[in-house]
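This briefing describes a predicted model.

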Amino acid sequence: MGTECKIEDKLGKESLRLKMKNTVIYDYIKTIESYFKYIFGDAAVKAHYKAVRNFWAQQGNDMLRECSYLNENSIIFELGGYKGDWIHDMYNKYACNCYVFEPVKEFYEIIKERLHGNKKVHAYNMGIGTSTYFTTIGVSEDGSSTYGKKSVSEKIKIKSLEEFLTENQIEKIDLMQINIEGGEYDLLEWIIENGYSKKIRGL
């Protein structure tokens with residue numbers, strides 16, 4: 001989603017700020033933090049934020065792009081491509097066959113322009129989900145979501161994972177990255193229940 005986090009530590013009270021304030025994701029995080037504090041106490045919350053600081057200090061985000069088994073014959077999916085950073089980096093690193101899905105027209109056009117002319121990168125102006133349907137998505141500068149309210153909305157298409165794989169005769173996915181703004185849980189549950197986890201080597 002392109003979230004930029006600034007890690008701070010002011011007397012242990014304010015460790016994490018998000019540019020996404022007043023968005024539904026920010027509300028989710030604050031709610032989870034409140035429950036976490038209630039159940040485990042402030043010490044556990046401080047330990048969590050210390051781990052987050054260490055993650056960024058050690059370039060942990062770059063480590064998420066390390067996948068030793070990928071090669072030029074591999075197939076990877078990115079669900080929720082935003083502006084194409086992850087798929088761009090993964091192609092440059094492994095030269096694999098890339099499928100990126102971004103339902104918001106503005107972000108899709110950015111991906112298409114960025115990866116123009118690359119025959120191994122396939123960009124689609126739609127989302128992937130458990131079924132095929134049309135819905136409305138809220139859009140803001142730092143991302144999009146079908147959950148909560150945004151100042152601008154857009155009608156988008158979601159295609160079922162099963163339908164897409166069948167149409168494109170794809171039997172195996174080596175790596176799938178999912179960032180679909182709250183829809184991850186339903187999709188992951190569907191993948192497990194319908195045996196598709198056997199077709200996806202890495203999630």
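Strand 4 and strand 5 are paired in the parallel sense, over four bridges. Within this pairing, Cys-98 has Val-121 of strand 5 as its bridge partner.

**Helix 4**

- Helix 4 spans residues 85-94, and its buried residues are Trp-86, Ile-87, Met-90 and Tyr-94.
- These residues lie on the same side of helix 4, because they cover an arc of only 90° around the axis.
- In an α-helix there are 3.6 residues a turn, so residues three or four places apart point the same way.
- The buried residues of helix 4 pack against strand 3 (75-79), strand 4 (97-101) and strand 10 (175-178).

**Glu-78 in strand 3**

- Glu-78 belongs to strand 3. Is Glu-78 buried or exposed? Its relative accessibility is 4%, and Glu-78 therefore counts as buried.
- The side chains of Glu-78 and Gln-177 are joined by a polar contact of 3.2 Å.
- The side chain of Glu-78 also reaches the backbone nitrogen of Ile-87, at 3.4 Å.
- When neighbours within four places in sequence are left aside, Glu-78 is in contact with Trp-86, Ile-87, Tyr-99, Val-100, Phe-101 and Gln-177.
- Glu-78 and Met-176 are 98 residues apart in sequence, yet their C-alpha atoms are 5.9 Å apart in space.

**Nonpolar cores**

- In soluble globular proteins, nonpolar side chains tend to be buried together.
- The largest nonpolar core comprises 19 residues, and Phe-77, Phe-164 and Met-176 have the most contacts inside it.
- At least two residues of this core come from each of strand 3, strand 4, helix 6, strand 10 and helix 7 (184-193).
- A second, separate core has 14 residues, among them Leu-70, Cys-96, Cys-98 and Ile-111.
- Not counting residues up to four places away in sequence, Phe-77 touches Trp-86, Tyr-99, Phe-101, Leu-161, Phe-164, Leu-165, Ile-170, Ile-173, Leu-175, Met-176 and Gln-177.

**Helix 7**

- The buried residues of helix 7 are Glu-184, Leu-187, Trp-190 and Ile-191.
- Viewed down the axis of helix 7, these residues fall within an arc of 135°, so they line one face of the helix.
- Tyr-185, Ile-192 and Glu-193 are exposed on the other side of helix 7.
- Strand 3, strand 6 (127-129), helix 6 and strand 10 are included in what covers the buried residues of helix 7.

- Most residues other than glycine have a negative phi.
- Ala-95 sits in the loop between helix 4 and strand 4. At 29% relative accessibility, Ala-95 counts as partly exposed.
- Gln-169 is not a glycine either, and has a positive phi of about 50°.
- The loop that holds Gln-169 lies between helix 6 (161-167) and strand 10. With a relative accessible area of 72%, Gln-169 is exposed.

How values were computed:
Residues are numbered from 1 along each chain as its sequence is written. This is a predicted model: local features need pLDDT of at least 70, side-chain atom pairs count only at pLDDT 80 or more; totals for chains, interfaces and linings use all residues. Side-chain values use heavy atoms; hydrogens and water are left out. Buried means under 20% relative accessible area, exposed over 50%, partly exposed in between (1.4 Å probe, protein chains only). The arc is that of the directions from the helix axis to the C-beta atoms. Contact means heavy atoms within 4.5 Å. A nonpolar core is a set of buried Ala, Val, Leu, Ile, Met, Phe, Trp, Tyr and Cys residues joined through side-chain atoms within 4.5 Å. A polar contact is a pair of N or O atoms within 3.5 Å; within protein, one must be able to donate a hydrogen and the other to accept it, and residues adjacent in sequence count only if both atoms are side-chain atoms. Two strands pair if DSSP finds at least two bridges between them.
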